[in-house]
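Here is a short tour of one protein model, written to be read alongside the sequence and the structure. Have both open and follow along.

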Amino acid sequence: MSIKELAKQYDSFIIERRRYYHQHPELSWKEEKTSDSIMSDLEAMGIETKRFRGRTGVLGVIRGGKPGKTVMLRADIDALPIQEHADVPFSSQNQGVMHACGHDCHIAMLLGAAKILSDIRQELCGTVKLLFQAAEETCHGAEYYVEEGLLDGVDAIMGMHIWGTLDAPKINVEGGGRMASCDNFKITVRGRACHGSAPHMGTDAIVAAAAVINNLQTFVSRRNNPLNPLVISIGTIHGGDVFNVIADKVEMEGTIRTFSRELRKDIEGIMRDMIENTAKGCGADASLEYWQFPGPVINEHDDLNRIARNAAAKLYGEEGLAPLEKMTGSEDFAYFMEKIPGIYAFIGARNSEIGAVYGNHSDKFKVDERALHRGSALYAQFAEDYLQNS
Ligand code: NI
């Protein structure tokens, strides 16, 4: 049987598992029952498994009948702190926790791929590792597995995401930037309090903070190359206690998104310069705290792009593929791609006929489950073809 036929055959298994995981969502690094259940699902298929000391997540290993390279297929498994309001009969049984990003689908798609790959194990030229990764939503889960040396001996990795704005059951595989980097920051502006009627007697931290905000947006529009998308958003601002007192302190937090690794390297220094000097010009002091989260997800390996795209076309024809604009959201899969060649695909979940029209992270997020077995097929076909081609 072909991979396409096997995927179709396992369709009801994949949907049943998806619904089970959907009903039992767990938050990042708390995916205990999820990991136990994935373990038993894999063991029932006779697949070798591994757990991580004191951490959630599961690794499955399928050794092919012929020698060759090692490819890893990754699915993230965590849910979000959202109360579900989706119109489905299998909604979350855990109060305030929901698989609103579709990671339940990712678990099920990779379990489906595990079944397919087990069936064709003898024909595989190498090893397939299945990583059920915890804590993607915290942006740091992938980093843990990289530090644990999980990529040692792995030649390439594939990840995918079920996507609420892409029509089901289309597959998107394309080269270039797919998801942006995500860095977060906190700015503290310090002035000197005095009576609001006599501002010259103190230093107004609020006016200095306003200048900082404007200059950061000027950095985006005037100093950054407009051909390089860049977002700097300030999401919180807190300062002052009384209407007629000049505030001595303002704190602001925000996030930065870009697809350019070069720009990302420089941006912290440029921002610090601008923030400190802008505040200084107002007679105030300012400091910047800066945290790097995942880098951009870029499909930059032509060979992997080609293998993945051809795998999708072989399965469902050119009409099974659809374009999708890159996005300024982020994905911790970037940590894997910084270490070894990787490819990232999207599977369409949108279908207005069944009300699956909400974006990922919506409390009404719903997917067209007809797409799921295609995700399993793509994982498996990519793995087989990559090992065959290497
Ligand atoms: Ni997600």
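## Salt bridges around Arg74

Asp76 and Arg74 form a salt bridge, with 3.7 Å between their closest N and O atoms; the term stands for a side-chain nitrogen of Lys or Arg within 4 Å of a carboxyl oxygen of Asp or Glu. Both of these residues are buried, meaning under 20% relative accessible area with a 1.4 Å probe and protein chains only, where exposed is over 50% and partly exposed lies in between.

Arg74 also bridges to Asp332, where the closest N and O atoms are 2.8 Å apart. This pair links distant parts of the chain, 258 residues apart: Arg74 sits in strand 3 (residues 66–76) and Asp332 in the loop between helix 8 (302–316) and helix 9 (334–339). Asp332 is buried, as is Arg74.

## About the model

This is a predicted model, in which local features need pLDDT of at least 70 and side-chain atom pairs count only at pLDDT 80 or more, while totals for chains, interfaces and linings use all residues. Residues are numbered from 1 along each chain as its sequence is written, and side-chain values use heavy atoms, leaving out hydrogens and water. Helices (H or I, at least four residues) and strands (E, at least two) are DSSP runs, numbered from the N terminus.

The structure holds 22 salt bridges. One of them joins Asp183 and Arg264, whose closest N and O atoms are 2.9 Å apart. Asp183 belongs to strand 8 (residues 183–190) and Arg264 to helix 7 (residues 261–281), so the pair ties together parts 81 residues apart in sequence. Asp183 counts as buried at 1% relative accessibility, and Arg264 is buried at 10%.

Elsewhere, Arg18, Arg19, Asp104 and Glu369 are linked in a salt-bridge network.
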